[in-house]
Amino acid sequence: MGAFDGFDFTNFWNDADWARNRVGGQVTPAAIEETQAALGYKLPQAYTDLMKIQNGGALQKNFYLPPDEDRSAVYLNAIWGLDA
């Protein structure tokens with residue numbers, strides 16, 4: 001599906017019960033348009049492609065990038081869905 005053609009999602013999303021409760025509903029083109037209108041800007045295509053596969057959720061593996069002189073720390077453990 002677009003940006004994720006050929007990407008293996010095995011072990012990407014956390015499938016624990018507590019994590020599955022944080023996944024949003026199915027994303028439709030109308031939901032994307034409604035969200036973009038509410039925000040006032042177009043969402044990145046890669047993000048909307050991912051939300052069509054699964055509408056947010058916790059990640060199986062966390063990512064931490066320590067701060068340096070040019071940026072704050074980055075900690076990624078989940079991706080928010082459109083209806084989060």
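Modeller: A polar contact is a pair of N or O atoms within 3.5 Å; within protein, one must be able to donate a hydrogen and the other to accept it, and residues adjacent in sequence count only if both atoms are side-chain atoms. The side chain of D68 makes such a contact with the side chain of R71, at 2.9 Å. A polar atom of the D68 side chain also lies 2.8 Å from the backbone nitrogen of D70. This is a predicted model, in which local features need pLDDT of at least 70 and side-chain atom pairs count only at pLDDT 80 or more, while totals for chains, interfaces and linings use all residues. Residues are numbered from 1 along each chain as its sequence is written, and side-chain values use heavy atoms, with hydrogens and water left out.

D68 sits in the loop between β1 (57-65) and β2 (74-79). Its relative accessible area is 38%, so D68 is partly exposed (buried means under 20%, exposed over 50%, partly exposed in between, with a 1.4 Å probe and protein chains only).

The C-alpha trace spans about 40 × 30 × 25 Å along its principal axes. Of the 84 residues in the protein chain, 25% are buried. Among contacts (heavy atoms within 4.5 Å) with a separation of 6 or more, 67% join residues 24 or more positions apart.

Technical notes: Helices (H or I, at least four residues) and strands (E, at least two) are DSSP runs, numbered from the N terminus.
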